[in-house]
Amino acid sequence: MKKLSELQQDALLEIFNIGVGNAANSMSQLINAEIKLSVPKLQILLKDHANVLNAFVHSNRICAVSQNFTGPLNACAFLVFPEGKTQEIVHRMMGESVSAEELNDMEAEALSEIGNIILNACISSMSDTLQTDFESTLPRYHLGSAKEIFPIKEEDNQFMLLLHIDFSMPKQKIDGYLVFLLSLESFNELIRKIDLFLSGI
Amino acid sequence: MSSHYSDLVTSSPPWVGIYAGTVNSLSLGIVIIGKFSEIIFLNQWFIRKSGIDSSHYIGRALTSVFPELNQSHLSDSIDSALRRNLPAVLSHSLNKAPFPLFDNLDQPSQRIQQAIHITPLTLQTGERFCLIQVYDVSIAVKKERLLREQAENLRSLAFIDGLTGIANRRRMDEYLADEFKRAKRNHSPLSIVMLDIDYFKQFNDTYGHQSGDFCLQRVANVIKATLHRPADLVARYGGEEFAIILPDTSFSGAVILAEELRKNIEVLAIAHESSLVSPHITLSIGISKAQSYNNISEATLLSQADQALYQAKTEGRNRVRVFSEPSA
């Protein structure tokens, strides 16, 4: 299992915290209420991704927004919340109180936008710091088990970068996750870029 | 700059002409922004719905044509597409109607509701543009609002007693479960008052069911009017039985309220000639209270109020009784 040095970990955490900090600003502006986002923890996994994630979100079904990023390194990025929690976020942001299970299309769309803001901000922060450019797909919305949403085979050697994200709104705190799936080559490229950045400071 | 692109359009027929025709025939708005944030292209749909003079916008900054977009999430997203190559979605839920677009330009109060996709377009030459797609989601939004209202209506109907307009049994069960949990957590008192109209069957037999219904409505109204705090809930528990949930209310508080209720009904003086206790409608009332929450459930609390009510009845009706643990 690949291990990052403490310095490399700190650099990555910093990149993501800058990203989600910017995202929080955009979102606060969008809804006129203070939203705070932070990423306190980071883990790298090579096995049992879906199971680990399930254990983290304490829910069999999860809600996710994904974008595929391509460039010098490729990554599938996901913003993940336990099912049900997303409604709280979206309702608060939309200022609506009624929750009807069948009326989920608009919520899915709103959540896609929230995911889009957060994922774009993280990638922007990464491309600023590591001096790389990425292309990206539009966000996609998923609802299902972690296994369905992350169709990873053990032999694929996929690295999962798992970041805990604290989502705090007025009177509410929600735990979510940022997940980046990277191939071995992309992961190595990421580390190379981080080392390059660290040697430049 | 714009001539450059029109050259391109004429230089390689027929495909470019077909593309241009297609884009102009689409039933959605297409806006293309250049690297200086200037407008390069607006399709016919967008021009029609925005009513802007087509000779005036080409080459102008989007935010000077639409000043309200200055420092908006929309213009930030366009910047991010141009500078960072990142796409964005702007949902209707969070943005409503960023562009001033109208189905009827004479009625500028009703904007077209929008969902927007923003995509960077990078040519082989490396030159980058930003494509904005504006979808009209007005119909979907209207439908959604209607559904929401209906769902809310149905929901409230499902929790209201049709005859008296107060909460029904189902609503009371939910409320009691919530309040019981809360009281247990906070170690705060919780009382239940159960009341029953005396000799109501005889009332119905004497005066008819319509009068019976009217009597129930009047009693419900008196109870509602007697309750002081928003947290107090009265529900129709059964035929002529009502229950009141009193959070944060001590035994003595519940007794005072019950006595007040009993008197208020007496004062109402609804004639009841077949009653054996009074010439008017009267109430029998039972009260229970959660003291410690160790070995008691909300069901026990309800049944204790019911037992107290039964006691009030057996002791002669038109009175208030509180539940007391039978001494072993």
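What share of the residues in chain A is buried? Select chain A: of its 201 residues, 38% are buried, where buried is having 20 or more other C-beta atoms, placed from the backbone, within 10 Å of the residue's own. Before moving on, note that this is a predicted model, in which local features need pLDDT of at least 70 and side-chain atom pairs count only at pLDDT 80 or more, while totals for chains, interfaces and linings use all residues. Residues are numbered from 1 along each chain as its sequence is written, and chains are lettered from A and ligands numbered from 1 in the order in which they are written.

You'll find 6 helices and 7 strands, taken as DSSP runs numbered from the N terminus (H or I, at least four residues, for helices; E, at least two, for strands). Follow chain A from the N terminus and the elements go α-β-α-β-β-α-α-β-β-α-β-β-α. Chain A is as compact as a globular protein of its length, because its radius of gyration is 16 Å, close to the 17 Å that the globule rule gives for 201 residues. That radius is taken over C-alpha atoms, and the rule is 2.2 Å times the number of residues to the power 0.38.

The contact takes 24 residues from chain A and 22 residues from chain B, with two residues in contact if their C-beta atoms, placed from the backbone, lie within 7 Å. On chain B, select H8: this helix gives the most to the side touching chain A, 5 residues.

Note on methods:
A residue is buried if 20 or more other C-beta atoms lie within 10 Å of its own, exposed if 12 or fewer, and partly exposed in between; C-beta atoms are placed from the backbone.
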